[in-house]
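Hi everyone, thanks for coming.

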Amino acid sequence: MFIPQAFANTGSAAFDFMQFLPMVVIFILFWFLLVRPQQKKMKEHQKMLSEIVKGDEVVTQGGIIGRVTKCGDQYLTVEIATGVEINVQRGAVGAKLEKGTLKSL
């Protein structure tokens with residue numbers, strides 16, 4: 001009566017690992033396909049934000065395009081039209097444009 005239970009318990013350790021193997025594979029795929037590229041993109045964005053200087057042409061995440069006139073640690077002053085300046089948070093800048101982009105618009 002106790003012998004079949006003993007045989008049943010010997011193979012369960014390998015079987016438990018095989019149950020978790022698909023979850024481990026999915027986690028690894030999730031990491032390489034979603035998390036790592038997002039972290040790389042965030043690092044590039046932080047680097048771009050730290051390199052913004054006076055005179056750069058930027059576009060905010062809200063779609064406002066302008067030229068940086070003043071730089072602070074957390075805020076930038078952006079001239080969006082002649083004589084019209086707005087203050088934006090440094091993190092609100094979506095992209096840095098090439099020189100001369102404003103003239104072509």
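Predicted model: local features only at pLDDT ≥ 70, side-chain atom pairs only at ≥ 80, totals over all residues.

Some overall numbers. The chain has 105 residues, and 16% of them count as buried. Its accessible surface is about 8400 Å², with 64% of that belonging to carbon and sulfur atoms.

Now the charged pairs. How many salt bridges does a search of the whole structure find? Three.

Let's start with Asp56. Its side chain meets that of Lys96 in a salt bridge, 3.6 Å from N to O. Asp56 sits in the loop between helix H2 and strand S1, while Lys96 is in strand S5, 40 residues apart. Asp56 also has a salt bridge with Lys99, with the closest N and O atoms 3.4 Å apart. Lys99 is in the loop between S5 and helix H3, and that pair is 43 residues apart. Put together, Asp56, Lys96 and Lys99 form a network of salt bridges.

Are these residues buried or exposed? Asp56 is buried, at 7% relative accessibility. Lys96 is partly exposed at 37%, and Lys99 is exposed at 61%.

Last one: Glu57 and Arg67, 2.8 Å from N to O. Glu57 is in strand S1 and Arg67 in strand S2, so this pair ties together parts 10 residues apart in sequence. Glu57 is buried at 2%, whereas Arg67 is partly exposed at 30%.

Methods. Residues numbered from 1 in each chain as written. Heavy atoms only, no water. Buried < 20%, exposed > 50% of the residue type's maximum accessible area, 1.4 Å probe, protein only. Areas by Shrake-Rupley, 256 points an atom, 1.4 Å probe, with all protein chains shown as cover. Salt bridge = Lys/Arg side-chain N within 4 Å of Asp/Glu carboxyl O. Helix = DSSP H or I, 4+ residues; strand = E, 2+ residues; numbered from the N terminus.
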